[in-house]
Amino acid sequence: IAAPYPLQSEVVPQGITEIMLGAFSYVDDESFSVKLPNTLKKIGQEAFWNSGLASIIIPEGVTTIGLRAFSYCTNLKRVEIPSTVKKIDAWMFDWCQFTGPEAGLQEVILHEGVTIIDWLAFHYALTRGARVYIPASVKTISGAGYASWALNPHALYSHYLHLLLAL
């Protein structure tokens, strides 16, 4: 699927199983929303890169989200990722905070089933005080999974990030 311009709200039709590479990239409307079908299985690399996407709930059944799928989405405030996604890939939300400290993600909900948060997945992505809900199923946080430093699971709060772990 490829996005039409201009775009304020889009409903991806039932039956679609994949959003291709760059499908919604550069959709520069100030803020747009997208409703994804429960038939979706894959969100391609850079699918929403540098777009005005404001929030997204990824439906159960999606198993793969490509590299940099949401990079540079500075309007993106809330993301919910289902249990069927096992890995939060490298640079998935890279530079969502690019335009300043008030930009970036405010809430990230990872459902039980996610097991890996890869290298720099949230690199410069989170607002000050952002909440990231990490389920007990997460077994690996690679390198700098949240910012430019490695996470110590016993030091769960900084002024940049508030983690809520389901341990």
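This is a predicted model: local features need pLDDT of at least 70, side-chain atom pairs count only at pLDDT 80 or more; totals for chains, interfaces and linings use all residues.
**Stop 1: F70 and F93**

Select F70 and F93. Both residues are buried. Now show the two rings. F70 and F93 form a stacked aromatic pair, 5.3 Å centre to centre, with 10° between the planes. Trace the chain from each one. F70 sits in the loop between β6 and β7. F93 sits in the loop between β8 and β9. The two are 23 residues apart, and their pair links distant parts of the chain.

**Stop 2: Y72 and W95**

Next, select Y72 and W95. These rings also form a stacked aromatic pair, at 6.4 Å centre to centre and 15° between the planes. Which parts does the pair tie together? Y72 lies in the loop between β6 and β7, and W95 lies in the loop between β8 and β9, so the pair ties together parts that are 23 residues apart in sequence.

Y72 is partly exposed, with a relative accessible area of 21%. W95 is partly exposed too, at 26%.

**Stop 3: more rings**

How many aromatic pairs does a search of the whole structure find? It finds nine. Select F24, F32, F48, F70, F93 and F122 together. Ring pairs link these six into a cluster.

Then pick R68 and W91. R68 lies over the face of W91, at 4.9 Å from the ring centre.

**Stop 4**

Zoom in on I81. Leaving aside residues up to four places away in sequence, I81 touches I58, I65, I88, M92, F93, I109, L110, H111 and V114. F93 from the opening stop is on that list.

**Stop 5: L53**

Select L53. It is found in the loop between β4 (42-43) and β5 (55-57). Is L53 buried or exposed? It is buried, with a relative accessible area of 0%.

Show what surrounds it. Not counting residues up to four places away in sequence, L53 touches F32, S33, V34, F48, F70, N75 and L76. Pick out N75 from that group. L53 and N75 are 22 residues apart in sequence. From C-alpha to C-alpha they are 6.0 Å apart in space.

**Stop 6**

Switch to the cartoon view. Select β5 and β7. The two run parallel and are joined by three bridges. Find I56: its bridge partner in β7 is V79.

Click R78. Which residue stands opposite R78 in β9? It is E107. While you have strands on screen, remember one rule: in a regular strand the side chains alternate between the two faces of the sheet.

**Stop 6: the sheet β2-β4-β6**

Select β2, β4 and β6. They form an open sheet of three strands in that order, with parallel pairing. Its edge strands are β2 (18-19) and β6 (64-65), each pairing on one side only. Two bridges join β2 to β4. Check E18: its bridge partner in β4 is K42.

**Stop 7: the sheet β8-β10-β12**

Select β8, β10 and β12. Here is an open sheet of three strands, ordered β8-β10-β12 and paired in parallel. Which strands are at the edges? They are β8 (87-88) and β12 (140-141), and each pairs on one side only. Strand β10 (residues 116-117) pairs with β12 in the parallel sense over two bridges. Click I117, then its bridge partner in β12, I141.

**Stop 8: the whole chain**

Zoom out. The protein chain has 13 strands and zero helices. Of its 167 residues, 47% are buried. Look at contacts with a separation of 6 or more: residues 24 or more positions apart account for 49% of them. Finish with the surface. The chain exposes about 7,900 Å², and carbon and sulfur atoms supply 57% of that.

How values were computed. Residues are numbered from 1 along each chain as its sequence is written. Side-chain values use heavy atoms; hydrogens and water are left out. Helices (H or I, at least four residues) and strands (E, at least two) are DSSP runs, numbered from the N terminus. Buried means under 20% relative accessible area, exposed over 50%, partly exposed in between (1.4 Å probe, protein chains only). Contact means heavy atoms within 4.5 Å. Accessible areas come from the Shrake-Rupley method with a 1.4 Å probe; for residues, only the protein chains shown count as cover. Two strands pair if DSSP finds at least two bridges between them. Rings of Phe, Tyr and Trp (its six-membered ring) pair if their centres lie within 6.5 Å; planes under 30 degrees apart count as stacked, over 60 as edge-to-face and the rest as tilted. A charge sits over a ring if NZ of Lys or CZ of Arg is within 6 Å of the ring centre and within 35 degrees of the ring normal.
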